Amino acid sequence: MAVGTRRWAWPLTVVANLCLGVIGVVPLFLLMLFLKNYPLAALGLTSREPTDNDGMLPWAMMLIPMFVVYGGLWHAVNAGLRSLTTPAHARRHWGLAILLTSAPTLSLPVGALISGSF
């Protein structure tokens, strides 16, 4: 592989994973709602939404395919980007990818805490 191609590996990784993180806000938000209404409510840590009386099946039918598609997209993009990096930096790629993908979702509660709207 040409040296010029490897020079773009890290900037492409940053941009691609931040974009995937913006897309991932929706599945992670829906996962948070599911966890709040079912497992955490069953443990007594939160209270259930009073109008949610459909059970877990609609949530499972929505969340499982959504996470399979999103996870497949995330892995395909990062496997391609990983092949652009040098072998010496291979381990850093996956950690950076996870951190950058989760950054948009994690910035929402931090921004709410800072602004005082939480």
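Which residues form the largest nonpolar core? The close-up views below come from a predicted model, and the first of them takes up this question.

**View 1. The largest nonpolar core.** Five residues make up this core: Leu-30, Phe-34, Tyr-38, Trp-59 and Leu-63. Helix H3 and helix H5, the latter spanning residues 57-82, each contribute at least two of the core residues. In soluble globular proteins, nonpolar side chains tend to be buried together. Phe-34, a member of the core, touches Pro-39, Met-56, Trp-59 and Leu-63 when residues up to four places away in sequence are not counted.

**View 2. Leu-63 in helix H5.** Leu-63 belongs to helix H5 and is one of the residues of the largest nonpolar core. Leu-63 counts as buried because its relative accessibility is 7%, below the 20% limit for that class. Apart from neighbours within four places in sequence, Leu-63 is in contact with Pro-27, Leu-30, Leu-31 and Phe-34. Leu-31 is 32 residues away from Leu-63 along the chain, yet the C-alpha atoms of the two are separated by 7.2 Å.

**View 3. Asn-37 and its polar contact.** Asn-37 sits in helix H3. With a relative accessibility of 6%, Asn-37 counts as buried. A polar atom of the Asn-37 side chain lies 3.0 Å from the backbone nitrogen of Glu-49.

**View 4. Ala-41 in helix H4.** Helix H4 covers residues 39-42 and includes Ala-41. The relative accessible area of Ala-41 is 17%, so this residue is buried. Leaving out neighbours within four places in sequence, Ala-41 is in contact with Leu-35, Lys-36, Thr-46, Ser-47 and Arg-48.

**View 5. A nonpolar patch on the surface.** Leu-35, Leu-40, Leu-43 and Leu-45 form this patch, and their accessible area together is about 390 Å². Leu-35 lies in helix H3, which runs over residues 25-37. Leu-35 counts as partly exposed because its relative accessibility is 35%, between the limits of 20% and 50%.

**View 6. Thr-13 in helix H2.** Thr-13 is placed in helix H2. Its relative accessible area is 0%, and Thr-13 is therefore buried. A polar atom of the Thr-13 side chain lies 2.7 Å from the backbone oxygen of Ala-9. Not counting residues up to four places away in sequence, Thr-13 touches Leu-81, His-93, Leu-96 and Leu-100.

**View 7. Val-22, also in helix H2.** Helix H2 spans residues 9-23, and Val-22 is found in it. Is Val-22 buried or exposed? Val-22 counts as exposed because its relative accessibility is 54%, and the class begins over 50%. Thr-13, in helix H2 as well, is buried. From Val-22 to His-89 the C-alpha to C-alpha distance is 25 Å, and the two residues are 67 residues apart in sequence.

How values were computed: Residues numbered from 1 in each chain as written. Predicted model: local features only at pLDDT ≥ 70, side-chain atom pairs only at ≥ 80, totals over all residues. Heavy atoms only, no water. Helix = DSSP H or I, 4+ residues; strand = E, 2+ residues; numbered from the N terminus. Buried < 20%, exposed > 50% of the residue type's maximum accessible area, 1.4 Å probe, protein only. Patch = residues over 30% accessible without salt bridge, like charges linked within 9 Å, V, L, I, M, F, W, Y side chains within 5 Å. Areas by Shrake-Rupley, 256 points an atom, 1.4 Å probe, with all protein chains shown as cover. Salt bridge = Lys/Arg side-chain N within 4 Å of Asp/Glu carboxyl O. Core = buried A, V, L, I, M, F, W, Y, C linked by side-chain atoms within 4.5 Å. Contact = heavy atoms within 4.5 Å. Polar contact = N/O pair within 3.5 Å; in protein donor to acceptor, adjacent residues only side chain to side chain.
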